[in-house]
Amino acid sequence: MIVTLIVACEIAFWVLLAAGLALRYGARKPRLGAAVLLCEPVLELVLLAVTAVDLKNGAEPDWKHGLAAVYIGFTVGLGHSTITWADAHVAHRFAGGPPPVKPPKYGKARAVHEWRTAARWCAAAATALVLLQAAAWYVGGDGDVSSLRSWQRTMLLVIGINLVIAASYTLFPKQEPREDPAAR
């Protein structure tokens, strides 16, 4: 049931996003579109409540409960940037908005971009870590929380990978290609 709800939440996320943007740009009702987009967090609250009730009713915590925490964490950390990205593309394509800003390719600007991206991923993983720990405490010492601990290790790995990627752009910045004078 938890996995089905996670899939339903993901589908509902994209449906609400499409509906909100369609109202905002297609129907020219930006306030109503924004109201629909603000319904997105309700999905995560429903998933959190159902997961908590499932654990409260005696379900052994397993990978599905961990996946629910990870899904919520990633929606918290990456949901806003996904909505902003989609909004910029839809505004450009259908409402005559400016072209979406492309990430910088070189130097310090690229490093700053990578650190911002890493911060979003780290926030997502940290949120999942907190929810996983809360679930472990909620179950108490009597339950087997090894699957939750496994998800926590995975989230720490996600944080580590993102920090290494961002640091690599700081320590080894990609340089703009130099024009070859012989090619003129």
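What follows is a short chat about reading helix packing and pockets in a predicted model.

Biologist: How do I describe two helices that pack together, say α1 and α2?

Modeller: In general, you give the angle between the two axes and the distance between those axes. Here, α1 (residues 2-26) and α2 (residues 30-37) pack at about 170°, and their axes lie 7 Å apart. Angles over 145 degrees count as roughly antiparallel, so α1 and α2 are roughly antiparallel to each other.

Biologist: Which residues of α1 and α2 meet?

Modeller: From α1 you have L16, L17, A19, G20, L23 and R24, and they meet P30, L32, G33, V36 and L37 of α2. Sorted by class, that contact has eight nonpolar, two polar and one charged residues.

Biologist: OK, now pockets. What is the volume of the largest pocket?

Modeller: The general idea is to roll a probe the size of a water molecule over the atoms, which shows where empty space is left. In this model, the largest pocket comes out at about 540 Å³. Its lining has 16 residues, with W85, V101, P103, H113 and R120 nearest the centre. Two elements, α4 (63-95) and α5 (107-139), each give two or more residues to that lining, and α4 has the largest share, with six.

Biologist: And which residues are closest to the centre of the second largest pocket?

Modeller: Those are L37, E40, P41, H80 and I83, out of 13 lining residues. This pocket has a volume of about 250 Å³. Here α4 again gives the largest share of the lining, six residues. By class, the lining has seven nonpolar, four polar and two charged residues.

Technical notes
Residues numbered from 1 in each chain as written. Predicted model: local features only at pLDDT ≥ 70, side-chain atom pairs only at ≥ 80, totals over all residues. Heavy atoms only, no water. Axes fitted to C-alpha atoms, helices over the stretch in contact; angles between N-to-C directions. Helix = DSSP H or I, 4+ residues; strand = E, 2+ residues; numbered from the N terminus. Parallel < 35°, antiparallel > 145°, perpendicular 65-115°, else oblique. Contact = heavy atoms within 4.5 Å. Nonpolar A, V, L, I, M, F, W, Y, C, P; charged D, E, K, R; others polar. 1 Å grid on protein atoms, 1.4 Å probe; cavity = no way out; pocket = protein on both sides within 12 Å on 5 of 7 lines; lining within 4 Å. Points joined across faces, edges and corners; volume = space filled by probe spheres on them.
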